[in-house]
Amino acid sequence: MNRDIENPYDRVKTRLKMRLADFVEANEELDPGRPGAQRQAAEEVLRRELQGLPDDLRQRIDLAGDATDQLIREVMDEVVGLGPLDPLLADPTLSEIMVNGPKDIYVERDGRMERIDASFRDTQHLLHVIERMLAPIGRGVNEADPLCDATLPDGSRINVAIPPIVLNGPVVTIRKKVRDWTMEEFVQLGVLSAQAAEFLQSCVRARVNIIISGGTSTGKTTLVTILSTFMPKDNRIITIENVPELELPGREHWIRMVAREGNADSRGNVPLRALVKNALRMRPDRIILGEARGGEALDVVQAMHTGHDGFITVLHANSARAALERLETMMLMSGLDLPPAACRMQIASAVDLVVHVGRFVDGSRRVETITQVHGVSQEGFELEELFVFETGDYSADGEMHGTHRYTGARPRVLSKFRLHNVQPPGWVTG
């Protein structure tokens, strides 16, 4: 384009971008994209560059009032920032950010979805931001490898999908790590009752084998993190995940293992099943499997049979029964010729409790049921609910009310309580 007819504002912006790029290259140890002194230093470089513009060019653009600050923000965002994502990532009220192409951004706030009035300049701008987000963790996407599921340095989980496998343009989903929750806060929010919380705390101390089940974004990982705080401080804990999400605050004797996908020739592939087998040789006191997805379910169930009590495993399922049935299906995926009846028998004698969490129409997350496994019959798994969430009416602002009820059933895990010298709650029947 002829520079005489090019938009003068764009000419200035291009000049500032080049100056900022030179500054970043000359100061590789700095990250001007982060707030604080480093960003202020980069902004000051841009202000000096503006002051040194030729008079004829300065007269052709408006830099009065807030225009200078706006121009500098645009340049910073486009070169070293994350564009419209910067204020969203800094907003503590947001739990999820969903980008459906450059012009379409949604967020989740207090459990409710809303579209926001912000957008990227174009597809290339969005791709540039994606590159900036993934570069610090050594990841990236391209046409040959258009998917990425990873954890950002702040603990947020990011999923990226780009064309040709999506038609909207690049799609980014960020599940923010908002805060660390405590069991007391969960009780206050009504996620579960004080009785249920006390029971689960005792179960963890008594090395009860627990499955946490639920749908996407129901709070399964958060509940696992909370339950881990009740494991003795001297326990050697091994967590196994596809993508690192679990955070165990205050833990020193904690080994984190993460599966690895291989390259196009499948070289370097380290699946969850290999990690589970290896973890059993690492003298664990506790093993937490972030999410069972395949044949590793067989190794987990068999480990429970061989003295490795206190397992916690996450499963995607829509009920406690569905979780056990899915576990059975995954055991059959192990490659061994196992009859389904044998899988069910092993599951029933290994798994003690299924804690099922759900997300309701008002955006709240709650423990729906705590179910114990009695055994199997010709009809399938024999289950008994210990705690049930009973829904009530809705308030004027759409908030759902309800209560968690203890059914009065005698927990079959009381034998583990006695074995590990854990006093059961006084209200427990039997």
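In which helix is the place of Ile-347? Ile-347 belongs to helix α13, which covers residues 340–350. Please keep in mind throughout that this is a predicted model.

Ile-347 has a relative accessible area of 0%, and because the limit for buried is under 20%, Ile-347 counts as buried. Setting aside neighbours within four places in sequence, Ile-347 is in contact with Val-301, Leu-324, Leu-327, Glu-328, Met-331 and Phe-381. For a sense of distance, Lys-277 lies 70 residues from Ile-347 in sequence, and their C-alpha atoms are 18 Å apart in space.

I turn now to the chain as a whole. The protein chain contains 14 helices and 15 strands. Its C-alpha trace spans about 90 × 55 × 40 Å along the principal axes. Of its 430 residues, 48% are buried. The chain exposes about 21400 Å², of which carbon and sulfur atoms supply 48%. If we take the contacts between residues at least 6 apart in sequence, 53% of them join residues at least 24 apart.

Next, the interior. In soluble globular proteins, nonpolar side chains tend to be buried together. Here the largest nonpolar core has 41 residues, and the members touching the most others are Leu-192, Phe-199, Ile-212, Leu-353, Ile-370 and Phe-417. Helix α8, residues 194–205, gives the most to this core, with six residues. Apart from it lies another core, of 37 residues, including Leu-289, Ala-303, Ala-320 and Cys-343. To return to Phe-417, its contacts beyond four places in sequence are Phe-199, Ser-202, Cys-203, Ala-206, Val-208, Val-422, Gln-423, Pro-424 and Pro-425.

Is Gln-372 buried or exposed? Gln-372 counts as buried, because its relative accessibility is 0%. This residue is found in strand β13, residues 365–377. Its side chain makes a polar contact of 2.8 Å with the side chain of Glu-384. Beyond four places in sequence, the residues in contact with Gln-372 include Asp-352, Leu-353, Leu-386, Ala-409 and Pro-411.

My last topic is helix α6, residues 123–134. This helix has twelve residues and reaches 17 Å from its first C-alpha to its last, close to the expected 16 Å. Which residues of α6 are buried? They are His-125, Leu-126, Val-129, Ile-130, Met-133 and Leu-134. These residues lie on the same side of α6, because they cover an arc of only 165° around the axis. The general rule is that an α-helix has 3.6 residues a turn, so residues three or four places apart point the same way. On the face of α6 turned away from the buried side, we find the exposed residues Gln-124 and Glu-131. The buried residues pack against helices α4 and α5 and against strands β1, β4, β5 and β6. Finally, at the start of α6, a side-chain oxygen of Asp-122 comes to within 3.2 Å of the backbone nitrogen of Gln-124.

Key. Residues are numbered from 1 along each chain as its sequence is written. This is a predicted model: local features need pLDDT of at least 70, side-chain atom pairs count only at pLDDT 80 or more; totals for chains, interfaces and linings use all residues. Side-chain values use heavy atoms; hydrogens and water are left out. A nonpolar core is a set of buried Ala, Val, Leu, Ile, Met, Phe, Trp, Tyr and Cys residues joined through side-chain atoms within 4.5 Å. Buried means under 20% relative accessible area, exposed over 50%, partly exposed in between (1.4 Å probe, protein chains only). Helices (H or I, at least four residues) and strands (E, at least two) are DSSP runs, numbered from the N terminus. Contact means heavy atoms within 4.5 Å. A polar contact is a pair of N or O atoms within 3.5 Å; within protein, one must be able to donate a hydrogen and the other to accept it, and residues adjacent in sequence count only if both atoms are side-chain atoms. The expected span of a helix is 1.5 Å times one less than its number of residues. The arc is that of the directions from the helix axis to the C-beta atoms. Accessible areas come from the Shrake-Rupley method with a 1.4 Å probe; for residues, only the protein chains shown count as cover.
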